[in-house]
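Please read the points below alongside the sequence and the model. They go from the overall fold to one helix, then the ligand shell and a single residue.

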Amino acid sequence: MKDLAGKTAFITGGASGIGYGMAQAFAAQGMNIMLADIEQGALDKAVAALSDETNVRVAGVLCDVSMRDAVFEAAQKAFDEFGKVHIVCSNAGIGAGGPIEKIPQSDWDWVVGVNQMAIVYAIQAFLPHIKAHGEGGHFVTTASMAGIIAAGATGGPYTATKFAAVGISDVLRGELEKTNISASVLCPGFVNTNITNAGRNRPDRFGGPIAPVAPKSDSDAVRQEMMLQGIKGGLDPRIVGELVREGVEGDWPYIFTDPNMRAIVEMRYKAILDGFDKLVASKALAGK
Ligand SMILES: NC(=O)c1ccc[n+]([C@@H]2O[C@H](COP(=O)([O-])OP(=O)(O)OC[C@H]3O[C@@H](n4cnc5c(N)ncnc54)[C@H](O)[C@@H]3O)[C@@H](O)[C@H]2O)c1
């Protein structure tokens, strides 16, 4: 989608980190911005800061994206405020750790609600509207490199939902192929945001806010420290926002942020292709 000036972007998880970086990048192109977030204080600050920094119209809406009705209400607020919405960024995301067998059901429900179902709710809430106004549009789904390569031990729900995010965006892009609406999936590497304290926003119905969990073993402690250091030393979210803007304008299916991750992706796809080599050599298929 080109000619962004004067159009409107709706961004979930827009009060912090990557979502706010996208808002800055789109606002710099003259787009109006609606930020949707679950954290009222951070949302108010983000709306005020972006309004000070730019000349575009900026508004905020409190919204728990894991609730379908809340997403539809937030969409309606955006239509009331701006008339038309063109770019929808399903970006809000959280992680809950622990081995798959031990993660409580409520945490699975929380991560699936925010990282996966919210993407579907946003498509359902905005796609009919974008089709109806006819000016074109773009859906940006924030997945992760953990949506391409498994995040490793203790990343079960995060990896599962980020793979789902990539799948939903790929399917949506196919469904919209012959239209003036498209879809991209953002797969960031490490970005310097507040993601390691995602538990601050766990809604009461999933057990309420939690502080980062203390490591239970030395290997847990090492893993946690590597993650913290990775995020701290990660990319500036504003640069990620600029990459997303470029990806939307160029209609990239996949928006990556870390060129060094290419080698790991190649390793994963080699492992997948090796599965086919094993198949060809298998006794069970011999002569078939
Ligand atoms: N930071 C990284 O290194 C990294 C890497 C890969 C992917 N990501 C993904 O980027 C996205 C943005 O995360 P971030 O790193 O900017 O973290 P962040 O914590 O700085 O921002 C996330 C935002 O989402 C909001 N949010 C959380 N739950 C919500 C809910 N139920 N409803 C509405 N808003 C909610 C938070 O209030 C916050 O403003 C997430 O999807 C995350 O998984 C981040």
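1. The protein chain has eight helices and seven strands, where helices (H or I, at least four residues) and strands (E, at least two) are DSSP runs numbered from the N terminus. Its radius of gyration, taken over C-alpha atoms, is 20 Å, close to the 19 Å that the globule rule gives for 288 residues, so the chain is as compact as a globular protein of that length. That rule is 2.2 Å times the number of residues to the power 0.38.

2. This is a predicted model, in which local features need pLDDT of at least 70 and side-chain atom pairs count only at pLDDT 80 or more, while totals for chains, interfaces and linings use all residues. Residues are numbered from 1 along each chain as its sequence is written.

3. Along the principal axes, the C-alpha atoms of the protein chain fill a box of roughly 65 × 50 × 35 Å. Of its 288 residues, 43% count as buried. A residue is buried if 20 or more other C-beta atoms, placed from the backbone, lie within 10 Å of its own, exposed if 12 or fewer, and partly exposed in between. Among contacts (C-beta atoms within 7 Å) between residues at least 6 apart in sequence, 72% join residues at least 24 apart.

4. Helix H2 (residues 40-53) has 14 residues and reaches 20 Å from its first C-alpha to its last, close to the 20 Å expected at 1.5 Å a residue; the expected span is 1.5 Å times one less than the number of residues. Its buried residues are Ala42, Leu43, Ala46, Val47 and Leu50. They lie on the same side of H2 because they cover an arc of only 135 degrees around the axis, taken from the directions from the helix axis to the C-beta atoms. Their cover includes H1, strand S2 (32-37) and strand S3 (58-62). The face of H2 turned away from the buried side carries the exposed residues Gln40, Gly41, Ala48 and Asp52.

5. The ligand is surrounded by 32 residues, the closest being Gly13, Ser16, Gly17, Gly93 and Thr193; a residue counts as near if its C-beta atom, placed from the backbone, lies within 6 Å. Helix H1 (residues 17-28) gives the largest share of this shell, three residues.

6. Gln76 sits in helix H3 (residues 68-82). Gln76 is partly exposed, with 13 other C-beta atoms within 10 Å. Gln76 and Lys178 are 102 residues apart in sequence and 27 Å apart in space, C-alpha to C-alpha.

Conventions. Contact = placed C-beta atoms within 7 Å.
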